[in-house]
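Please keep the sequence and the structure in view while reading.

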Amino acid sequence: MSATRKILMLHGFSQNGVIFSKRLGALRKAIGMGIELVFIDAPIILQPIDLDGGLSNVIAASPDPALTPRAWWRVNPERTRAHGLEESLMVLRDVLRRDRFDGVFGFSQGAAMAALLAALLERPHAYEPFLVGGEAPHPRFQFCVAVSGFKVSDPISDKIFGGSYETPTLHVLGKTDVVVVEERSKALLSVSANARVEVHEGGHFVPSQAKWRTFWREYLRDPRQGVPSPWGLVSESQTSSGTDTPPTLDSPRVN
C-alpha cells in the first residue's frame, strides 16, 4: 500500500480550518484513502468591523468557536501592506517544523499565502525570521494549488517572490469570480514560473462538480502525471451532454 500523501490546506479570508473543511466535503469524500488534508487556522481573529454586515451579524450572534472568522493578514486602505503577515509566517513555520507535507492547497487569501509559502521555501533566507537554525523549516513543496489566488501586496512578499518562484502551481480561476478578478490573478501568474491554469465556469469557490471531483482526486494523487483538464474528464456519475465548452482565462468578467 502506498504511503499517505499529506497536503496543507489554507482557508480564505473570514473562514477557518473547520469552515473550509466543511465546504470541501464533496472533495474530501471524492479523493478517498491515501491523501490526508490537514486544515489549519490562520492566527488573526477578525472582528465585526472587518467583515461585511451580514456575516458580522451572524458572528456576533453566535458563540460557537467553529464560526470564528480568521485571516492570514489585514490589508491597509491603500492595499500596499499586509498587516499580520509576519505573525502568519511564524505560525506556518511552526506547523512546518512539526510535520511534513507533499504540497499546499489554498483558497482566495489562503491561495495567496500558499503561493507565498511555496516561494519562501525556495528562498528561505529572503525572510530570516522564518529560518530554523539558519535553514528552512521544511523541504520545498512538490506542488502548490491556488484557487482564486492573487499576489500578496507587501514589501515582504515582493522580497520573497523576487522575479518568480519555481514550485509547480495549479492556478484555478472562476470565470465569473468578482471577488478576485482576472487582473489580480494574473499578478500571481506573472511570478509563477511553472504554472498550470484551469478555469471553471463559476465564481468565488473551489469547484466540486462531478468532473472536478474526478480531476481533484487524480491530480492530488500525483500532480506530476499530467492529469487531463476537467473539461476532458468524464466521471462515472456524469452524463455527457456534448454542449459544454471549456472557459478560458480571457473570458469576460464583471469587475
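Strand S8 (residues 143-147) and strand S9 (residues 169-174) run parallel to each other and are paired over four bridges; strands here are DSSP runs of E of at least two residues, helices are runs of H or I of at least four, and both are numbered from the N terminus. Two strands count as paired if DSSP finds at least two bridges between them. Within this pair, Cys144 has Thr169 in S9 as its bridge partner. The model is predicted, so local features require pLDDT of at least 70 and side-chain atom pairs pLDDT 80 or more, whereas totals for chains, interfaces and linings use all residues. Residues are numbered from 1 along each chain as its sequence is written, and side-chain values use heavy atoms, with hydrogens and water left out.

Both strands belong to an open sheet of six strands with parallel pairing, in the order S2-S1-S7-S8-S9-S10. Strand S2 (35-40) and strand S10 (195-200) form the edges, each pairing on one side only. On average, neighbouring strands of this sheet are turned by 20 degrees against each other, direction ignored; axes are lines fitted to C-alpha atoms, for helices over the stretch in contact, and angles run from 0 to 180 degrees between N-to-C directions.

Two helices may now be considered. Helix H5 (residues 109-122) packs on the sheet, where it touches strand S1 (5-10), strand S7 (103-107) and S8, contact meaning heavy atoms within 4.5 Å. The direction of H5 makes about 150 degrees with that of S7. Helix H8 (residues 210-221) also packs on the sheet and touches S1, S2, S7, S8, S9 and S10, its direction making about 155 degrees with that of S8.

The largest pocket has a volume of about 900 Å³. A pocket is an open set of points on a 1 Å grid over the protein atoms alone, where a 1.4 Å probe fits, with protein on both sides within 12 Å along at least five of seven lines; lining residues have an atom within 4 Å of a point. The volume is the space filled by probe spheres set on the points, which are joined across faces, edges and corners. Its lining comprises 34 residues, with Phe13, Ser14, Ser108, Gln109 and Val179 nearest the centre. Ser14 lies in the loop between S1 and H1, and its phi is near 75 degrees, a positive value in a residue other than glycine.
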